[in-house]
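Q: I have a structure open and want to talk it through. Can we go step by step?

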Amino acid sequence: MSVAVSIEQVEKRFGRLKALDGVSLQIDEGEFFGLLGPNGAGKTTLISCLAGLVRPDAGRLSVLGRDVVADYRAARTLLGIVPQELVFDPFFSVRETLRIQSGYFGIRNNDDWIDEILANLDLTSRADTNMRRLSGGMKRRVLVAQALVHKPPVIVLDEPTAGVDVELRQGLWQFVQRLNREGHTVILTTHYLEEAEALCGRIAMLKQGRVVALDTTSNLLARFAGHTLSVCLADNALLPEPLRGRATLSEGRWVFRLAGFAEIEPLLRTLREAGCGIDDLRLTQADLEDVFVGVMQGENDRESGKVADVSR
Amino acid sequence: MIGFRTLLYKELLRFWKVGFQTVAAPVLSALLYLLIFSHVLDEHVLVNGVRYAAFLIPGLVMMSLVQNAFANSSSSLIQSKITGSVVFVLLPPISYVEFFLAYVVAAVLRGLMVGLGVLVVTSWFAPLTYVAPLWILAFAILGGGILGAFGMIAGIWADKFDQLAGFQNFLIMPLTMLSGVFYSIHSLPQFWQQVSHLNPVFYMIDGFRYGFFGVSDVPPETSLIVVGASFLVVSVATLMLLRSGYKLRS
Ligand SMILES: Nc1ncnc2c1ncn2[C@@H]1O[C@H](COP(=O)(O)OP(=O)(O)O)[C@@H](O)[C@H]1O
Ligand SMILES: [Mg+2]
């Protein structure tokens, strides 16, 4: 499997602000990759560097082996970018917009594919409507369509579901997932963490221009947030002595936070040896929200630690 | 190549869709200038042996042509910058040379369209001759090209519509109005004649007018050299600006 996007030690300053502070990432072909981080973390700047809209001060970026500066034509042909800002050209209809965008990528007579995109994004009935007359959600979907006119192998969506209602979001994700199954690499930034959790195989978290977490979604969920085991004891029994203090009682259930699955067996053994019957038992995984908060919080602690070190 | 052609087509469609504003309106203003000035002056004035109304027409044509070429590229760029839709032309694999050519050719075509419109409606009012049509065409294209490229610089530099309006009102308007559209510079005092010789628009109009009447304030070859050189300088400046990514790619 080859590398779809390679980002090496990319730095970008805006005046005194360091928007990207040595970001390195490798995204393989066929991945569904999530780029998460609070507002201002540098996600859009990183995407803009990839797209050639922003010129990095240091570092290299390439798309399927094509350098985005030296070989920009090839790199841009391989990329489909859905910008974060809801922009549109007010002079044209939806179909005109898509035909023109196809032409920019060197494609003529693209109507079959345009029709297919329109159908998948539920825009067919709006094909001849002027862009000005579309609602925000529809404009957003046209932006997605514009990024796909040239069937780019690498698709980057910068907060594509902001302002799109739930029903349409589902449709959009079905389409993007289909493209991913067909082999397109997808890179996504979103504020909806449950979306990232459901869709992305791997996730990078960015904070203040640095990558602070990078792993598969399942590893992140396991490693950073762990699992919780909740048990409901028979006859509303109290926890045996050795386990008190390790659990919290919530709605009649004892909830244990686990650092790893290895803790489960000894825990159950202790209950058995104490003669406690179990009515119900549930193992739940913390969601990405917990991971995100945990990672960002951990970073804050580490930073304040650093500050303390310096002042010592 | 398809990228360039599509960008050119988009630029043409952009002004053509609002042709009433972008073509018909400037033709009407030029016609008003002609009616007013020729009514006042036509019976009394001969310029370089040409009746005033006839003398005025090529000047008006050229003035409208260059003003609209400038307006086309500058307003297209600033609009797409302000609305953000400029990303649609920055994301595709379009080179800066193609970008330059598409905007300049569109500006020239809009200029030619307006110029032809002015010529058609004004030529009813005075007999015109076309002594050297190739000179007419050469100056029309180069003049439109210079102002089209200059409009790109202005459109890239400006962040707001008022800044662009400043450019238009305090630079383009004076340069075109004071370039000999309405008079022969030989009728000016010595000092102002020399000042006029520093204005490239003067050479555009003088050379253009030569194509109609075969007479001009300076030899047409001189004008062609000045205008050609101006086109090269402005084009190179625009291309360098585009290559640097100034204000388009941060
Ligand atoms: N063109 C720019 N000029 C100055 N500062 C910028 C520019 N673009 C982004 N920034 C700053 O860089 C930081 C990262 O921004 P951005 O990449 O948009 O973050 P995100 O997309 O993660 O919310 C922010 O502090 C933002 O204000
Ligand atoms: Mg962003």
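This is a predicted model: local features need pLDDT of at least 70, side-chain atom pairs count only at pLDDT 80 or more; totals for chains, interfaces and linings use all residues.

Q: How many residues of chain A are in contact with chain B?
A: 29 residues of chain A are in contact with 32 residues of chain B.

Q: And what area is buried between chain A and chain B?
A: About 2,700 Å². Carbon and sulfur atoms give 61% of that area.

Q: Which residues in chain A lose the most area to chain B?
A: A:Leu53, A:Phe91 and A:Tyr104. Together they make up 28% of what the chain A side buries.

Q: How many salt bridges are there between chain A and chain B?
A: Two. In one of them, B:Lys17 meets A:Glu96 through their side chains, at 2.8 Å from N to O.

Q: How many residue pairs are in polar contact between the chains?
A: The count is 14, with both residues at pLDDT 80 or more.

Q: Which element gives the largest share of the chain A side?
A: That is α3(A), with five residues. The chain A side as a whole divides into 16 nonpolar, six polar and seven charged residues.

Q: New topic. Where does A:Pro242 lie?
A: In chain A, A:Pro242 sits in the loop between β11 (227-233) and β12 (247-250).

Q: Buried or exposed, and why?
A: A:Pro242 counts as exposed because its relative accessible area is 59%, and the cut-off for exposed is over 50%.

Q: What separates A:Pro242 from A:Arg95?
A: Their C-alpha atoms are separated by 69 Å. Along the chain, the two are 147 residues apart.

Conventions: Residues are numbered from 1 along each chain as its sequence is written. Chains are lettered from A and ligands numbered from 1 in the order in which they are written. Side-chain values use heavy atoms; hydrogens and water are left out. Helices (H or I, at least four residues) and strands (E, at least two) are DSSP runs, numbered from the N terminus. Buried means under 20% relative accessible area, exposed over 50%, partly exposed in between (1.4 Å probe, protein chains only). Contact means heavy atoms within 4.5 Å. Buried area is the accessible area (1.4 Å probe) that two parts lose on being put together, summed over both. A salt bridge is a side-chain nitrogen of Lys or Arg within 4 Å of a carboxyl oxygen of Asp or Glu. A polar contact is a pair of N or O atoms within 3.5 Å; within protein, one must be able to donate a hydrogen and the other to accept it, and residues adjacent in sequence count only if both atoms are side-chain atoms. Ala, Val, Leu, Ile, Met, Phe, Trp, Tyr, Cys and Pro count as nonpolar, Asp, Glu, Lys and Arg as charged, and the others, Gly among them, as polar.
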